[in-house]
Amino acid sequence: MRIRTTVLAALAALALASAPPAAAAVSGAPAAGTGRPGDIVTSAPTAFRTLPGVPTATRAWHITYRSTTATGRPDVVSGTVVVPDDGEQGPRPLLTWGIGAVGLSDECAVSGRFPQGTSIEAQLIDLALRRGWAVAVTDYEGLGAPGDHTYTAGRSEGHAVLDAARAAQRLPATGLSPDAPVGIMGYSQGGQAAGWAAELHASYAPELRLKGTAAGGVPADLPTTLDYNDGGAGAGLALMALTGQDAAFPALRLDAYLNDRGRGYVDFMKRNCVALSTIAGLFQHMSEVTVRDPLAAPAWQLALRSSYLGTRSPDRPVYLYQGLVDELIPYRVGEALRTRWCAQGVPVEWRDYPLDHVTTALTGIPAALDWMAGRLADAPARGNCTA
């Protein structure tokens, strides 16, 4: 506990050096510092579509809600709550869903993409809705709400995922019960968010009746993942990750490490979404966009280490899946997370696929949902830690 408190204090010092005061979430909204995490700030009906112009049998609300930053400050986050319009009465399970990387610009937030039918991940979310489950989807800190997106800041993401579930249950129009079973799901950035939510549940949101977490393609070890992507297909995502860490901890001063080319890339990424940002940074080396290596600086090492998964034990079963030839998240990173959680006695069911990052996301979702269905129905979790 003392070590964890010391790390949080150090990270808070990094943030305070240049962080702005907590701002109002939306025009006329109360300040982020009032109320409880998970409290609704604003809500409005919206639409959930998997394709442009094609309606789904759902009811949906755009929300902003109170949450907590990586350094423990109150903030306001946006998101979407979707409930099947199936005529069913009474409590239903709720999934809180960590979305995969969408980009750094507010225009990328999935809460704005769902009504347009332009979110690719909406088709995966729809598979859960077709099972009769409600789904809460966070935009994460700084996407669709004031501030910069803290991409890959694990603690902030975990808070946002847990508080999205709280917000969904506190939104009267949904008919969701605070006693209903809750599951956590996510892949890629969403897998990191789901993993953090799983680890934080007992201390941050113990009132949620969490049944289990399904996470895939998890960047559980950022230094290893960033090194893996240097000069590779995910080089642009690596620079996005540094930008997100800088947003979470502004005293890191990323700009001081970048050359003109690097500053140009970051400016481009802040104005665009993940596809263009990935293409822009394709196969570049960190040395090509920096004047000195941020990963060699103690402050940066501390910040990246603060998003490391596996140092605390999830208090519910976990399903982990990973592509053997994942070009963005090293297989060994996912496998090592499994080992760490298994060593702490967590019932982990592990599955790998002989596939790349995106194909694993598409191929692995049915089995992940089947596993989650068992947990929501209180079926025993076997795990395969000894396999």
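1. Helices here are DSSP runs of H or I with at least four residues, strands are runs of E with at least two, and both are numbered from the N terminus. On that basis, T50 sits in the loop between β1 (40–46) and β2. The model is predicted: local features need pLDDT of at least 70, side-chain atom pairs count only at pLDDT 80 or more, and totals for chains, interfaces and linings use all residues. Residues are numbered from 1 along each chain as its sequence is written, and side-chain values use heavy atoms, with hydrogens and water left out.

2. T50 counts as buried because its relative accessibility is 13%. Buried means under 20% relative accessible area, exposed means over 50%, and partly exposed lies in between (1.4 Å probe, protein chains only). Not counting residues up to four places away in sequence, T50 touches T56, G117, A122, Q123 and D126. A contact is heavy atoms within 4.5 Å.

3. Helix α3 (residues 122–129) is mostly covered, with 6 of its 8 residues buried. These are A122, L124, I125, D126, A128 and L129. They pack against β2, β3 (74–84), β4 (94–98), β5 (134–138) and α12 (357–376).

4. R59 belongs to strand β2 (residues 58–68). Its relative accessible area is 34%, so R59 is partly exposed. Residues up to four places away aside, R59 touches V81, V82, V83, D85, A173 and T174. A173 lies 114 residues from R59 along the chain, yet their C-alpha atoms are separated by 9.6 Å. The R59 side chain reaches the backbone oxygen of A173 at 3.3 Å.

5. There are 2 disulfides, each a pair of cysteine sulfur atoms within 2.5 Å. With the bonded cysteines numbered in sequence order, the pairing is 1-2, 3-4.

6. The link is left-handed, with -105° about the S-S bond. It connects distant parts of the chain, 165 residues apart: C108 is in the loop between β4 and α2 (110–113), and C273 is in the loop between α8 (260–270) and α9 (274–280). Both C108 and C273 are buried.

7. C342 and C385 form a disulfide with sulfur atoms 2.0 Å apart. This link is left-handed too, at -80° about the S-S bond. It also joins distant parts of the chain, 43 residues apart: C342 lies in helix α11 (residues 331–343), C385 in the segment after α12. C342 is buried because its relative accessibility is 17%. C385 has a relative accessible area of 30%, so it is partly exposed.

Key
A polar contact is a pair of N or O atoms within 3.5 Å; within protein, one must be able to donate a hydrogen and the other to accept it, and residues adjacent in sequence count only if both atoms are side-chain atoms.
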